[in-house]
Amino acid sequence: METHAHAHDHAHGHADHHHDDHHAHEQSFWSKYIFSTDHKMIAKQFLLTAVFMGVLAMMLSIFFRLQLAWPGKSFPILETFLGKWAPNGVLDSNMYLALVTIHGTIMVFFVLTGGLSGTFSNLLIPLQLGARDMASGFLNMLSFWFFFTSSIIMFYSMFVETGPASSGWTVYPPLSALPDAIPGSGLGMTLWLVSMALFIVGSLLGSLNYIVTVINLRTKGMTMTRMPLTIWAFLVTAILGVLSFPVLFGAVLLLIFDRSFGTSFYLSDIFISGQALEQTGGSPILYQHLFWFLGHPEVYIVLLPALGITSEVIATMSRKPIFGYRAMIASILAIGFLSFIVWGHHMFITGMNPFLGSVFVFTTLLIAIPSAVKAFNYITTLWKGNISYSPAMLFAIGLVSTFVTGGVTGIILADSALDINVHDTYFVVAHFHIVMGASAIFGMFCGVYHWFPKLFGRMMNNKLGYVHFWSTFIGVFGVFFPMHFIGMAGAPRRYYSYENFEMFSNLQDINLVVTGFAIFSAIAQVVFLFNFFYSMFRGRKATQNPWNANTLEWTTPVEHLHGNWPGALPVVHRWPYDYSKPGKENDFVPQTVPLTSDEEDH
Amino acid sequence: MMYLVIGVTLLAIRAFTQLATVMQLSNALKGGEQEEVSDKDNRLNSKLMMAFLIFFMGFFVWQIMEYSEVILPEAASAHGKDIDTLWDFNMAIIVLVFVLVNCVLFYFASKYRNRPGTRATFFAHNNKLEMVWTIIPAIVLSVIIIYGLQTWNHITAPVTEKDPVKIELYAKQFDWTARYAGKDGAFGKTDYRLITDINPLALDTTDGNSNDDVITKGEFHLPVGREASFEFRSRDVIHSAYMPHFRAQMNCVPGMKTYFHFKPTITTAEMRKKLNKETFDYVLLCNKICGQTHFGMKMVIVVESEADYQKWLATQKTFGAKDAPAAAPADTTKPKMAVN
């Protein structure tokens, strides 16, 4: 009570008050939990929204996996959830495309962008930099509420009569522009676009806030090269977001015009439903350029925070400094820069000039270099470490494996000549689910397990964490590894069934294996959900610095207080990676410990 | 039923909650854990790291043995063979990297478990090492880029053959139509406003080049050993003409024409013999999400000798012939729908 009241006073700048006044200042339920401007509460809000959306998107994937493993078979559960879209329990083929679309949209934007970056940038930027809060608490609150509103709209779009958006998560026009082409391009698509527009607003407000906070609110001594790699990753992620999301906003806006106001930015020479449309002169390919100008940086918006979190956890739990700190920063910057000049590799076979294709081959393959550096640096950090296998550490190690395993197939897909034959096949699905989906979600799990004590003041259960990790890890490779072979068999993605083609008749066994592992992985997530919610209320109470880590967030009290530190802000004297430093009593030296006379800065 | 499921779920959650609490209390009674991660757990997970590596690599090898039969057969086109060679070269590199890196990763992750009383080695950076693993990937990637781009430039170079088969693939929801340029070697002009039931390809009837154009549905034929020069058009949304056996693919985009060309090298009959499968056919499928029956857009491709091809072409009606437009065989592309 003493410290709590003190902190409260401090935050309000009147330290003389008697601490009994405290109760008069008690925040109401609304200002504490709902319209909070405290970054720690906003982080939790992002996390819980993302968990809900994640469960939803996972359920959708199980629904369409059932159809792929047992095409045309009746599953009563489908009718229970989807009603008229699964008459007699058989999934409708339009609904199949809708499920695929919404699964992708939610996973990429709502779970891995909003959820990952929103949660951990919010939680860690002020805490690891020694700031009392974000630069603007109010904008931060708005950022969440835009995100939340867009989530609600996306969720709601699944219940409209003509079904949700069904043209794939990339919503290429003309398919997405013409309700006559697919029912999902009616009201469902309108809601999708509105939802995404709001999502972008929320994302921009958040990102601008993150950038300003990192630049301006670092505590005394926290130079740029003393920042934990998490912060570097969040900073570059935010910059990528600010530079690329507006382009998606433009793309979305033009699509809204084409759909509703008769413009022809993306439409030309179309004949549909017995009628020639008036629009001419537009180009569907323009949309793809605009979309992927965001879409590719988006991959790194998803991945970089995961890599940042992993860097921190691997160093802490190996009790070693992260290997090649400066090289890691350079890699983050290089990846961030290159991510803006590679978007064309999604479009090799759109009829784009082959020479332009060559340029994108070159830039894309360059990204493999900083990525390789990161992977090797992680592995070297493990070398001669003293590894404690917390569930967070397991997910971090898992991320390195998925990052490498999914990354190498990128070399195939970036090679335009090879892309010709595997473009839009399951080979691509396998590639991006492993390298981006699995890696990013592992980064998110890693962060949740590691910073749970900071989020909720309690520990998650390790044993359940182990069950969760190992089953998820096996499940992920079980689901996505066989997909490479499905792709090499020439099977296109987004097919409702493969029964029309004799050449795919022998794929049924593999699809069964994939769906089996998918169901297994989904069940494994129930273990996580139980652990998460149980620990939130009844988990073991956390100590102040459970992982013996160096970073500043562990110098704050377990109990959350507005303003983070009860007294003065901590002062930083060293980088965050002095683990197992020779000549030191403990195997960690927090950033707040001054350098001794015989020590040099890292 | 629904209530039963909900009831059982709630009970299960309750039971698990109790169980977890009991476990936690018993741990606390035993004096709790001094460390956040116990030595026992470290030993267990260290072993699991190696176990996983063995499982992972075993699974990988098992899949190669089990699933290699589903992979596409050898390329049936000239450039396709180049692609396959490039594929094998790249695959060799990435499989090597995949196996090596995962082995080292899990080996380290297993070996360097926390041992009470010991300390990790302080090893923050080493410029030489970092240069090595920046430069080696850079060199390997340069080779990959150069080899890849040579192949790409070769594939996308203009048609060199003097007399290629000129053929257009026209996509719409949800079928394909093929059009040959005919004797004059030129396609008739098109305008999407001209589409009618009897002129589904929107040919301009006033253009003389249209009259000898041959239009087919269901299947189209190509002569072996002669370059086929494709043009692609779409009526409504983006489709993608994917001919996996020939390693050929190009999007069909409304409002613009796209191009691709390849030379078939193996006839359908030869491929049937090679695969020992009488029912084998080359197919064209749609590989860009295009709507409800995207999964049913199919056309059979028949590759045969030049003589057989000419014979077949002669039997096809031209656009200008009486009772045009075209001899449309029964629609074999109608997709099987799920039985409701």
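The crossing of H8(A) and H9(A) is left-handed, a crossing being left-handed if the near helix is turned anticlockwise from the far one by less than a right angle, and right-handed if clockwise. The structure is a predicted model, in which local features need pLDDT of at least 70 and side-chain atom pairs count only at pLDDT 80 or more, whereas totals for chains, interfaces and linings use all residues. Residues are numbered from 1 along each chain as its sequence is written, while chains are lettered from A and ligands numbered from 1 in the order in which they are written.

Helices (H or I, at least four residues) are DSSP runs, numbered from the N terminus. Helix H8 (residues 229-260) and helix H9 (residues 284-318) of chain A pack with their axes 8 Å apart, at an angle of about 160°, where axes are lines fitted to C-alpha atoms over the stretch in contact and angles run from 0 to 180 degrees between N-to-C directions. That angle makes H8(A) roughly antiparallel to H9(A), a term that applies to angles over 145 degrees. The residues of this contact between H8(A) and H9(A) comprise 23 nonpolar, seven polar and two charged; Ala, Val, Leu, Ile, Met, Phe, Trp, Tyr, Cys and Pro count as nonpolar, Asp, Glu, Lys and Arg as charged, and the others, Gly among them, as polar.

Helix H6 (residues 137-156) of chain A has 20 residues and reaches 28 Å from its first C-alpha to its last, close to the 28 Å expected, the expected span being 1.5 Å times one less than the number of residues. Among the buried residues of H6(A) are Asn140(A), Phe144(A), Phe147(A) and Met154(A), where buried denotes 20 or more other C-beta atoms within 10 Å of the residue's own, C-beta atoms being placed from the backbone. The cover over the buried residues of H6(A) includes helix H3 (39-69), helix H5 (93-129) and helix H7 (187-216) of chain A.

H5(A) and H6(A) pack at an angle of about 160°, with their axes 12 Å apart, and are therefore roughly antiparallel to each other. The residues of the contact of H5(A) with H6(A) divide into four nonpolar, six polar and no charged.

The contact between the chains takes 113 residues from chain A and 99 residues from chain B, two residues being in contact if their C-beta atoms lie within 7 Å. Helix H13 (residues 391-414) of chain A gives the most to the side of chain A that touches chain B, with 10 residues.

Conventions:
Helices (H or I, at least four residues) and strands (E, at least two) are DSSP runs, numbered from the N terminus. Angles under 35 degrees count as roughly parallel, over 145 as roughly antiparallel, 65 to 115 as roughly perpendicular and the rest as oblique. A residue is buried if 20 or more other C-beta atoms lie within 10 Å of its own, exposed if 12 or fewer, and partly exposed in between; C-beta atoms are placed from the backbone.
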